[in-house]
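Have a look at the model below before reading on.

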Amino acid sequence: MLVQFWGQEFKINVVLGCFLGFLMAVVSSMFGFGGGPFMIAIMTLALRLPMYLAVGSSLLAIFFNTLTGSLRHYQYGNFDLLLFLIMFPAAILGGYLGPKIAQKFSPVTVKRIAVAGLLLLSLNLMGVY
């Protein structure tokens with residue numbers, strides 16, 4: 001399948017993408033982790049999409065999960081309106097500017113930055129710092 005994005009064409013194997021996406025959903029739900037970073041790896045390595053497109057696609061995919069979770073937290077009274085009013089515009093702006101900035105760097109540099117961010121996140125989750 002040919003996909004056009006900002007004047008560029010990308011050839012994507014839809015069957016492979018659906019299979020790997022389904023597999024990642026099953027594995028992530030079995031073990032209780034988010035599949036976003038792994039989906040980015042699948043899109044860049046298996047589907048050969050550029051990093052800026054993979055990140056944006058992943059963010060769109062998790063948007064619906066985040067929206068549903070946020071609505072449930074609101075129903076349970078676990079909602080901070082001030083924090084939401086600060087974070088929402090920042091997230092929209094970051095989602096718009098991030099791919100534009102990433103497009104100016106080489107794909108290798110963007111991947112290295114993503115790996116560094118995931119390493120820092122994993123170290124934080126393990127309680128190292």
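**Ground rules**

This is a predicted model, so local features need pLDDT of at least 70 and side-chain atom pairs count only at pLDDT 80 or more, while totals for chains, interfaces and linings use all residues. Residues are numbered from 1 along each chain as its sequence is written, and side-chain values use heavy atoms, with hydrogens and water left out.

**The overall layout**

Let's start with the big picture: the protein has five helices and two strands. Here helices (H or I, at least four residues) and strands (E, at least two) are DSSP runs, numbered from the N terminus. Starting at the N terminus, the order of the elements is β-β-α-α-α-α-α. Along the principal axes, the C-alpha atoms fill a box of roughly 45 × 35 × 35 Å. Of the 129 residues in the protein, 19% are buried. Buried means under 20% relative accessible area, exposed means over 50%, and partly exposed is in between (1.4 Å probe, protein chains only).

**The aromatic rings**

How many aromatic pairs does a search of the whole structure find? It finds four. One of them joins Phe-79 and Phe-84: the ring centres are 5.7 Å apart and the planes sit at 45°, so this pair is tilted. Phe-84 also pairs with Phe-88, and this pair is stacked, at 5.4 Å centre to centre with 25° between the planes. For the cut-offs, rings of Phe, Tyr and Trp (its six-membered ring) pair if their centres lie within 6.5 Å; planes under 30 degrees apart count as stacked, over 60 as edge-to-face and the rest as tilted.

Phe-84 and Phe-88 both belong to helix α4 (residues 81–102), where they are four residues apart, about one turn of the helix.

| Residue | Relative accessibility | Class |
|---|---|---|
| Phe-79 | 34% | partly exposed |
| Phe-84 | 36% | partly exposed |
| Phe-88 | 44% | partly exposed |
| Ile-92 | 51% | exposed |

Ile-92 is in helix α4 as well.

**The largest pocket**

Next comes the largest pocket, with a volume of about 1,700 Å³. It is lined by 48 residues, and Leu-59, Leu-60, Ile-62, Ala-91 and Gly-95 lie nearest its centre. Which helix gives the most to the lining? That is α3, with 17 residues. Helices α2 (36–46), α3 (51–75), α4 and α5 (107–125) each supply at least two lining residues.

A pocket is found on a 1 Å grid over the protein atoms alone, as an open set of points where a 1.4 Å probe fits, with protein on both sides within 12 Å along at least five of seven lines; lining residues have an atom within 4 Å of a point. Grid points are joined across faces, edges and corners, and the volume is the space filled by probe spheres set on the points.

**Two more residues**

Most residues other than glycine have a negative phi. Arg-48 has a positive one, near 60°. This residue sits in the loop between α2 and α3, and at 69% relative accessibility Arg-48 is exposed.

Is Ile-40, in contrast, buried or exposed? At 18% relative accessibility, Ile-40 counts as buried. Ile-40 lies in helix α2, and its C-alpha is separated by 7.6 Å from that of Met-51, 11 residues apart along the chain.
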